[in-house]
Each structure stands twice: as structure tokens, then as C-alpha cells.
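These are my notebook entries on a single chain.

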Amino acid sequence: MSGSLPENMCEHLSSIRVINFGQNQLHGPIPKCLGNLTYLTEIRLGDNNLTGTIPDDIGNLPHLEILTLHTNNLSGVIPSKLFNNSMIKVIEVSINQLSGSLPANIGLNVPNLEFLFVAQNNLVAGPLPNLSNASKLRELDMGLNSFTGFLPITLCSLKNLEYLSFYSNHLTIDASTPQVASTFSCLFNHRNLTGLYLGDNPLNTTIPASRGNLSTSLLYVDLSISNIRGNIPVDIGNLSSLIALDLGNNQLSGAIPTSIQRLQNLQALYLNDNVLQGHIPYEFCQLNNLADLRLGGNRLTGSIPSCLGTLSVALRSLSLGSNLLTSTIPSSLWELKYILHLNLSSNSLVGLLSEDIGKLKDVVDMDLSNNHFSGNIPGSIGGLQNMINLSLANNYLEGPIPSSFKTLLSLEFLDLSKNNLSGVIPKSLEALLYLKHLNLSFNKLQGEIPTGGPFRNFSADSFVSNGALCSASRLHIPLCKNRTKVKPNWRKAKISSQGSYQ
């Protein structure tokens with residue numbers, strides 16, 4: 001439904017209890033008269049295009065239990081009267097442009113509050129409110145705002161809490177104060193908590209080693225971009241129910257603990273962009289449900305574990321780029337037949353690229369750039385027809401660009417620069433109609449640059465520093481000399497067979 005809610009809509013609705021116009025295309029303000037409908041227990045107007053402020057009188061409705069106004073364009077403050085309503089169970093106002101602050105002791109007068117969602121607004125900087133008396137609180141999301149100060153110890157008293165998100169605020173942990181630091185520990189020991197999202201905060205702390213049994217209820221933990229330092233504690237393997245763990249973009253150091261093999265339910269593990277050292281543990285290969293593994297941007301050494309090929313059923317994304325890995329790509333890696341994303345870039349990997357690379361039929365993007373690979377580009381890459389992004393740049397690859405590339409019809413990005421490739425640019429690449437970025441620079445290519453299809457849009461930067469390329473004048477590359485037609489046909493055939501005009 002579209003249009004606006006009429007201001008006089010309440011005139012004949014004095015006994016109404018539920019108003020639900022959620023998930024439509026309504027615009028305009030929320031009628032102020034809703035605050036007069038004293039029997040209302042539910043107001044559901046989420047997922048629309050409503051504007052204006054939340055009528056203050058809605059906070060006076062004595063029986064209101066559920067208020068959902070999320071995903072609109074509402075502005076102004078959240079009526080403070082809402083937090084004096086002893087009946088309220090659900091306040092959901094995330095994804096708006098609400099501003100102002102929340103009452104300091106938000107939990108005092110809302111003993112029945114179970115769900116509080118105020119994420120992704122413009123709530124002003126200030127400390128988190130005290131929620132300790134909201135003992136029935138089950139889900140709390142205050143992410144993507146500007147809250148400051150320390151993570152409060154009072155969170156630990158919310159025994160029914162199942163979901164907690166302060167993602168992307170300005171919260172920290174004072175490690176010099178044992179009580180504050182223990183807030184972090186208690187959340188990892190919380191018996192009902194399933195989701196903990198504290199990422200993108202300047203927490204400035206370490207991951208505490210457990211003094212007891214870590215929670216077996218935690219399913220999702222996000223501590224990314226949080227200035228977390230020190231080692232990953234061995235007892236992280238005790239979070240036995242974990243499905244996703246994100247510790248990326250921190251300052252974690254030391255080795256990856258082998259105890260991680262105990263996380264048998266793990267589907268996503270992000271340890272990228274830290275300063276982790278040592279080898280990639282073979283114990284990863286025992287995580288049979290692992291779908292997404294990101295270890296890029298560390299200081300990991302040694303070879304790629306050959307056993308990673310055994311994860312072929314689950315693994316969809318493998319990122320090992322920007323490390324210190326050496327040796328060749330194990331042949332078993334080409335058995336990851338359902339892999340979608342593969343990044344081995346910026347290491348010191350060597351050897352030939354196997355024709356078995358063609359087994360990765362589902363791969364969407366592959367980055368093998370900035371290594372020491374040599375030999376020819378396997379023609380079997382042409383069989384990877386779902387490929388969108390491919391980079392083999394800055395290696396020692398030689399020989400021709402395979403004509404089989406013409407079958408990569410989904411390709412949008414192709415970078416073969418800084419190699420030793422020779423021969424001509426196959427005219428068949430004109431068939432790659434979705435190709436937006438092409439870099440063939442710094443090779444030994446020769447002959448005429450194709451002009452059809454996507455080649456109409458490429459600049460000279462795509463072709464600089466090659467052996468003997470020629471093209472149209474707009475590319476500022478030497479013009480191709482006019483071909484001399486040779487007759488009779490037997491002579492033309494002979495010249496073609498020698499490759500002069502190939």
C-alpha cells in the first residue's frame with residue numbers, strides 16, 4: 001500500500017487494540033491521534049517510508065506492549081515516556097534518523113521489556129544507559145550509533161539476554177579496572193547469550209582466558225575492528241556451539257591455537273588482518289562445516305595445508321592473501337569444487353598453474369596475483385564460466401593468452417599485467433561483453449589490439465609497456481600498418497599458415 005495514514009483515522013477506532021501496516025510503502029507522518037487510542041496493545045508500522053517524529057503521546061498508552069517503527073525515515077527523539085510504560089515488551093525503532101539520548105536509567109520502569117532495538121540512528125554521544133533492572137530483556141541492539149564510555153558491568157546481571165549488539169560505537173574496556181575488564185569475561189560465560197556483536201569499537205583489550213567453562217550457547221561472536229591485542233586463548237575451543245567467529249582487523253599475535261579444531265559447528269572464521277604468525281594449522285581440515293575461512297593479511301608462513309581439499313563439500317570462500325606462504329599450490333586444492341572465492345595473492349607461492357584449475361566450476365572470483373607462478377596460463381580456465389573477477393598479475397607467467405578465455409562470458413575484471421605473456425591478444429575476447437576492467441600492461445604482447453565489444457571502452461593504460469602492440473589512434477599506441485592484400489588465394493593461404501596475419 002502507498003499513500004499516507006490519514007490524520008483522522010482514529011475517530012471511530014476507540015476500541016481498537018492492534019494497528020499493523022508494516023511492510024508497505026506508506027509515507028508521511030505518524031498520526032498524532034494514535035496516542036488517544038487507549039486500548040492499543042500493538043502498533044506495527046515498520047518497513048515503510050514514514051517521516052516526521054514519533055508522537056509523544058504514544059508513550060502514554062497504558063496497555064501498549066509492542067511498538068515497531070523500524071526501517072523508516074523518522075527523526076526527532078524517542079519519547080522518554082515510553083520508558084515509563086510498565087507494560088511495554090518490544091521497542092523497535094532501528095534504521096531511522098532518530099537523535100537525542102536515552103534515559104540514564106532506562107531499565108527502572110520497564111520491568112517487562114524483552115526487546116529493545118535502537119540501532120542505526122543518530123543517537124548522540126554519551127554513556128550507555130543502565131539496563132540492570134530490565135531483568136526480562138532478551139535482545140538488545142544499540143549498534144551503529146555514537147555511544148561512548150566503558151562497556152558496563154551491569155550487562156552481566158541480565159541473565160535472560162540472548163542477543164547483544166553494540167556494533168560500531170565508541171565503547172572501550174578499561175583494562176586497569178578489574179571490574180570493567182571482567183565484563184568481557186562474563187559475556188563469554190553467559191549461559192543464554194547466542195549472539196555477541198561488539199565489533200568496530202575501540203575496546204583496547206585482550207581476549208580473556210576463561211576461569212571457568214565458556215558458554216556453550218554462543219553461536220555468533222563479532223569482535224572485529226576493536227583494537228584487540230595479545231594471543232587467541234587456547235580455551236576458545238570451548239565455545240563448542242560457535243557458528244561464526246570474527247576476530248578480523250585487530251592486533252592479535254602469536255600462533256593460531258590448534259584447539260580451534262573443537263569448534264565442529266563453525267561455518268565462518270575470520271582472523272584476517274592481524275599479526276598472526278606460524279603455520280596454518282592442519283586442524284582446520286577437521287572443521288567439516290567450514291564455509292568461509294579468512295586468514296589474509298597476517299604473517300603466516302610455510303605451505304598451504306594439502307588437507308584443505310577435504311573441505312570440498314562445505315568450503316565456499318578461502319582467503320590466504322598477503323601472508324608469507326611459500327611452496328606450490330597443493331594439487332588437492334583444485335578439489336574444492338564448490339568454491340566461490342579464492343584469494344592466494346601476495347605470497348611467495350611458486351610452480352606451474354595446474355590444468356586442474358578448471359575443476360573449480362563454480363568459482364566467481366580468483367586472485368593469484370603477486371606470487372612467483374611460472375609457465376603457461378592453463379587453457380582449462382576457460383571452463384570457469386561463472387568467473388567475474390580474475391587476477392594473475394605480477395607473476396612470471398609466459399606464453400599466449402589462451403583463446404579459451406572467450407568462454408568466460410561473465411567476466412567483468414581481468415588483470416594479467418606484469419608477466420611475460422607473448423603473442424597476440426585474441427580477437428575472440430571481443431565476446432566478453434561484460435568486461436569493464438582489463439589490464440594487460442607490462443607483458444610482451446604484439447599485434448593488433450581488438451576493437452570490438454568491450455575493447456571500445458578501454459584506455460591505453462590497459463596495454464602500456466608491451467612488445468609490439470598496435471591500435472587505433474585514440475589509444476596513443478603505434479598505428480597498425482595497412483595490410484596489403486595478396487592474390488591469388490593460394491598465396492594468401494600460404495601467408496596465413498605462416499602466422500604473419502594471425
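I began with the charged side chains of this predicted model. I counted 32 positive and 32 negative side chains in the chain. I then took the centres of the two sets and found them 13 Å apart.

I then examined the overall dimensions. I read a radius of gyration of 30 Å for the chain, whereas a compact globule of 502 residues would have a value near 23 Å. Along the principal axes, I found that the C-alpha atoms fill a box of roughly 100 × 60 × 35 Å.

For secondary structure, I recorded 2 helices and 37 strands in the chain. I also checked the sequence range of the contacts. Taking contacts between residues at least 6 apart in sequence, I found that 51% join residues at least 24 apart.

Where is the place of T41? I located T41 in the loop between β3, which covers 25-28, and β4, which covers 42-44. I noted that T41 lies 25 residues from I16 in sequence, while their C-alpha atoms are 8.8 Å apart in space. Setting aside neighbours within four places in sequence, I listed the contacts of T41 as R17, V18, H63, L64, E65 and I66.

Notes. Residues are numbered from 1 along each chain as its sequence is written. This is a predicted model: local features need pLDDT of at least 70, side-chain atom pairs count only at pLDDT 80 or more; totals for chains, interfaces and linings use all residues. Side-chain values use heavy atoms; hydrogens and water are left out. Helices (H or I, at least four residues) and strands (E, at least two) are DSSP runs, numbered from the N terminus. The radius of gyration is taken over C-alpha atoms; the globule rule is 2.2 Å times the number of residues to the power 0.38. Contact means heavy atoms within 4.5 Å. Lys and Arg count as positive and Asp and Glu as negative; His and the chain ends are not counted. The place of a charge is taken as NZ of Lys, CZ of Arg, CG of Asp or CD of Glu.
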